[in-house]
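Good morning, and thank you for the time. Please keep the display in view as I speak.

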Amino acid sequence: NWRAVDKFDREYSAYSRLVHHGAAPYVPRVFGYLEFTEPAPFTDHIQIALPAEGLLLEDFPSAQQLSWENLTPTVAVEAFRAVEAVHAALVIHGDVEEWNFLVVDDNKVVLIDFDVASTW
């Protein structure tokens, strides 16, 4: 499906730009890129259209989605800083909504989900 490819390409381009411009700690670290051209072992029960591509991103086990329950002045400032860091890397997120912000340890905020992002 061309839309799935376009979304992956947008996310890949955005993360490449963000890593190059040092947008961490406001976006997940990227550990690699995978491309599957044949089914992976032990995935007989999963329907995956091949070729499939994916990014290996930093995991935040204690993360919570931004919400009114965890929104504080500090968290709000960190969310604005996250958007500023992304824009400084010449990336427009395209979907800045509360569900795309994660609040992690010590009120750090991480912006995720760049599948509709634009890069310049």
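Predicted model: local features only at pLDDT ≥ 70, side-chain atom pairs only at ≥ 80, totals over all residues.

Residues are numbered from 1 along each chain as its sequence is written, and side-chain values use heavy atoms, with hydrogens and water left out.

The strands β3 and β5 (residues 101–104) pair in the antiparallel sense over two bridges. Strands here are DSSP runs of E with at least two residues, helices are runs of H or I with at least four, and both are numbered from the N terminus. Two strands count as paired if DSSP finds at least two bridges between them. In general, strands of a sheet pair through backbone hydrogen bonds, either parallel or antiparallel.

The sheet in question is open and has three strands in the order β3-β5-β6, with antiparallel pairing. Its edge strands are β3 (64–65) and β6 (108–111), each of which pairs on one side only. Helix α2 (residues 73–88) packs on this sheet and touches β5 and β6; contact means heavy atoms within 4.5 Å. The direction of α2 makes about 40 degrees with that of β6, where axes are lines fitted to C-alpha atoms, for helices over the stretch in contact, and angles run from 0 to 180 degrees between N-to-C directions.

I turn now to H93, in the loop between β4 (91–92) and β5. Is H93 buried or exposed? With a relative accessible area of 1%, H93 is buried; the term means under 20%, exposed means over 50%, and partly exposed lies in between (1.4 Å probe, protein chains only). A polar atom of the H93 side chain lies 3.0 Å from the backbone nitrogen of D95, and a polar atom of that side chain lies 3.0 Å from the backbone oxygen of D113. Not counting residues up to four places away in sequence, H93 touches several others, including V86, L111 and F114.

The last topic is the aromatic rings. How many aromatic pairs does a search of the whole structure find? The search finds four. Rings of Phe, Tyr and Trp (its six-membered ring) pair if their centres lie within 6.5 Å; planes under 30 degrees apart are stacked, over 60 edge-to-face, and the rest tilted. One of the pairs, F8 with Y12, is stacked, at 6.0 Å centre to centre and 25 degrees between the planes. Because F8 and Y12 are four residues apart in helix α1 (residues 2–20), about one helical turn separates them. F8 is buried at 14% relative accessibility, whereas Y12 is partly exposed at 36%.

F8 also pairs with Y33, in a tilted arrangement at 5.7 Å and 35 degrees. Since F8 lies in helix α1 and Y33 in strand β1 (residues 30–36), this pair ties together parts that are 25 residues apart in sequence. Y33 is partly exposed, at 35%. Together, F8, Y12 and Y33 form one aromatic cluster.

Conventions: Polar contact = N/O pair within 3.5 Å; in protein donor to acceptor, adjacent residues only side chain to side chain.
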